[in-house]
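Dear colleague,

My notes on what was found in it follow directly after.

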Amino acid sequence: MEAPPTDTQDTIDSADPEEIPTDPPPRGRDRWRRVRPEWVLATLASLLVSVALTWPTLRHPASTIPGDLGDPTLQAWQVAWSGHALLNSPLDLWHSNTFYPERYTYAYSDTLLGYAPAGMLGTGFEAAVIRYNVLYVLLHALACLGAYALARQLGANRWGGAVAGVAWAFAPWRLAHSGHLNILSSGGIALSLAMLARGHGWSLRHGYRPERRRPGWAFAGWLVAAWQVSLGFGIGLPLVYFLLAAVLVAAGCYGWSWWRRRERPPFGRRLLLADLAGGAVFGAVTLLLGLVFLRVVDLNPQAQRTLDWTKMFSPPLMGFLTAPGDSWLWGERHAAAREQLSWPPEMALLPGMTLIGLAAAGLIVSAYPLRRRVALGAGVLGTVLLGLGATLGGDGDPGYLTLSTHLPGWDALRTPGRMMHWTSLLLALLAAGLVTALAESPGRRPTDRRWTRLLMPLLLLVPLALVVVEGVNTTPHPEVPRPPAALRAAPDPILVLPAGGVGDLTYMLWTTDGFPRVTNGLAGFEPVSQAQTKAAVASFPDPGSVAYLRGIGVRSVVAVPSRAAGTPWEGIEARPVDGLGITREDLDGTLVYHL
């Protein structure tokens, strides 16, 4: 007969796996059996909570899109273009079908190139919209799973990991960026850090343990970091500098330990090779993408960002306690505070009231050693100060603007508030340390009663439930206008009218049906040729505009009269074409001019 479990055994069952003395790591099937349940459940839970907290994104995935009809339509096109180009003409990847006749147009903004494999699935407009909505849900799931993995690797138990994952992936401030897929796609940050920490046998709770080194995990961490950078420099560049700083600090600590102890600390040739190989891939991806963006600036000097942009988007301190309007819990309650912000979409930066409270308590009670709690707290303070941008000390120097002046590429990061990625991640780790300490406190003494240990999971549901509630959204999901059949029928290159403004982003998405070349497009700057085209065709159709379009190679003009109200092309359907040497046909209310 099997003996009943003792209090000591109960304690071991509830403890963090890294605290338990074990035999050598299991191999093969035994290892899979031990690891599989937690990570399968964590993945499934991340997916389920992401579907729920992004709802109704998947209610009508083929016809609606979260946020608005601005940047989401652009990014749906970006993902579709990368997949289309790599499948059909890889050498033309950077020279997209928009902004004709310009070159390197795919790099006019963060490219989301890392999503190219998804872009290879399906073709056409409807597939592009569905793909975007699915990615929108999956990126939240990856952020949740990544933060869970990071917290677990650094010493938190499952409860702490769950709170960290949900609190980071669904922090209220993210709701202001429902239309910015490139900003929300931060899961690779936490996941790469978790892999690198695991590969190097390091955790907040136990420090460096050479016996837990895993070179394969370290190499995989560098690859995930490279993938994260490929999604865009908007949040990828701070990761680049963080990893560079981490390497320098780690090397310095290693050298100091060697000098102090007069013997070389264990590291290992395989781990060194994994770091060198993975770092080389990471560096190559960063450098190659950086060269492409530099080429864009060379061709378009007006694309260079000035520090005036950074000053304009720098939030006040109250912004860190203000939620965006799409927050179900705090949106209306913080309406008055948002009115005091000059640009709420980039200044409503609340990481979550629950998260702030848990992190503050985590500085006092935690599973982590005191000195590492202090380091996390210092990191929170430092990233908040950077996030203030130019409002820190009146000019942001020293601070965010100092980095903009001295770090290559940092001047292009015009929105200091996006440092909240790092602030909220550090807060989530502090919260995970607190929850872990609370979860492990019962059962450590023989006098603890079993009912105390059974009640604790119910109590731990409270912080988890609170961070879930703070992540509930009221994000609008507008219906995406479908492309007119005339656009597919018109020979390219094409000019779509009315041109300019946010409408051009919708046209870019429309071109996913076949990817015809169009002069239209919208980015953070305007190419000279596009400005000239809009000026030349303001009176289209007339002799001057027709001659200009023929001169740059445009073969047809597609005009959508229903979208022309208030533009120079209002009433275009009544303008005559006699004597211009062109023909016009009406296809279901859309006009096609053949030049």
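Helices here are DSSP runs of H or I with at least four residues, and strands are runs of E with at least two, both numbered from the N terminus. Please bear in mind throughout that this is a predicted model.

Backbone geometry

In those terms, P56 lies in the loop between helix 2 and helix 3 (71-88). The peptide bond that leads from W55 into P56 is cis, with omega near 15°. A cis peptide bond also joins L497 and P498, with omega about 5°. P498 belongs to the loop between strand 3 and helix 21 (503-510).

F99 has a positive phi of about 60° although it is not a glycine, and D588 has a positive phi near 55°. F99 sits in the loop between helix 3 and helix 4 (116-119), while D588 is in the loop between strand 5 (583-587) and strand 6 (590-594). F99 has a relative accessible area of 2% and is therefore buried; D588, at 79% relative accessibility, counts as exposed.

S230 lies in helix 9 (residues 215-230) and, at 10% relative accessibility, counts as buried. Leaving out residues up to four places away in sequence, S230 touches T111, L112, L113, G114 and L289.

Helix 11 has 31 residues, which at 1.5 Å a residue should span 45 Å; its end C-alpha atoms are 45 Å apart, in agreement. Its buried residues include L271, A274, D275, G278, F282 and L289. The cover over the buried residues of helix 11 includes helix 8 (187-199), helix 9 and helix 10 (233-261).

Helix 23

Which residues of helix 23 (residues 543-551) are buried? They are S545, V546 and L549. These residues cover an arc of only 100° around the axis, so they are on the same side of helix 23. An α-helix has 3.6 residues a turn, so residues three or four places apart point the same way. P543 and G551 are exposed on the other side of helix 23. Strand 3 (494-497), helix 22 (528-536) and strand 4 (556-559) are among the elements that cover the buried residues. Helix 23 is followed by G553, with a positive phi near 95°.

Two further residues

E470 lies in helix 19 (residues 450-470) and has a relative accessible area of 3%, so it is buried. Its contacts, not counting residues up to four places away in sequence, include F170, P172, W330, M353 and L355. E470 and A323 are 147 residues apart in sequence and 9.9 Å apart in space, C-alpha to C-alpha.

L41, found in helix 2 (residues 28-53), is exposed, with a relative accessible area of 58%.

With kind regards

Methods: Residues numbered from 1 in each chain as written. Predicted model: local features only at pLDDT ≥ 70, side-chain atom pairs only at ≥ 80, totals over all residues. Heavy atoms only, no water. Buried < 20%, exposed > 50% of the residue type's maximum accessible area, 1.4 Å probe, protein only. Contact = heavy atoms within 4.5 Å. Arc of directions from axis to C-beta. Expected span 1.5 Å × (residues − 1).
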